[in-house]
Amino acid sequence: MWAVSESGSLYRVGLDGRRARTDVRGLGSREPVLVARDVEGDGRPEIFVSGDGNALYGFDADLEPLTGFPVPGTGKPAFADLNGDGRPELVTAGVDGVIRAASFRGP
């Protein structure tokens, strides 16, 4: 289970009760967004969080930052196979109104 706090802390609680936490600088929000999705095809979800700013943060299941993140964007990201390779791309809109997409590596 993953959770994000108003102050920008991201938490992971495993089925075995082990806990992990990382503080995401600049993430604070009264209504943060958290989405879990396996975009790399390795059977483990990646975690995407955004807050009040124009930054979408990405983490692996162990709360390690994903390469290339944060990316400009806010709110809940969408996922779709835009290039026909069978893997999802992340689609997000920035506060500037620009829609951006990010690709991921496979397993």
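**Close-up 1. What lines the largest pocket?** Sorted by class, its lining has six nonpolar, two polar and seven charged residues. Here Ala, Val, Leu, Ile, Met, Phe, Trp, Tyr, Cys and Pro go down as nonpolar, Asp, Glu, Lys and Arg as charged, and the others, Gly among them, as polar. The pocket's volume comes to about 240 Å³. Of its 15 lining residues, E40, L66, T67, F104 and R105 sit closest to the centre. For the record, a pocket is an open set of points on a 1 Å grid over the protein atoms alone, with protein on both sides within 12 Å along at least five of seven lines, and a lining residue has an atom within 4 Å of a point. Points are joined across faces, edges and corners, and the volume is the space filled by probe spheres set on them.

**A word on the model.** This is a predicted model, where local features need pLDDT of at least 70 and side-chain atom pairs count only at pLDDT 80 or more, while totals for chains, interfaces and linings use all residues. Numbering runs from 1 along each chain as its sequence is written, and side-chain values use heavy atoms, with hydrogens and water left out.

**Close-up 2. R44 and D62 bridge distant parts of the chain.** Their closest N and O atoms are 3.0 Å apart, a salt bridge (side-chain nitrogen of Lys or Arg within 4 Å of a carboxyl oxygen of Asp or Glu). R44 belongs to the loop between β4 (33–37) and β5 (46–50), and D62, 18 residues away, to the loop between β6 (56–59) and β7 (74–80); strands are DSSP runs of E, at least two residues, numbered from the N terminus. R44 is partly exposed at 39% relative accessibility, and so is D62 at 37% (partly exposed lies between buried, under 20%, and exposed, over 50%, with a 1.4 Å probe and protein chains only).

**Close-up 3. Two further salt bridges, R87 with D85 and R100 with D96.** The search of the whole structure turns up five salt bridges. R87 and D85 meet at 3.8 Å, N to O, whereas R100 and D96 have their closest N and O atoms 2.9 Å apart. R100 is partly exposed at 26%, and D96 is too, at 46%.

**Close-up 4. The β8–β9 hairpin.** Strands β8 (residues 89–93) and β9 (residues 99–102) pair antiparallel over four bridges (pairing takes at least two DSSP bridges). V91 has A101 in β9 as its bridge partner. Five residues separate the strands, and G97 in the turn shows a positive phi of about 85°.

How values were computed: 1 Å grid on protein atoms, 1.4 Å probe; cavity = no way out; pocket = protein on both sides within 12 Å on 5 of 7 lines; lining within 4 Å.
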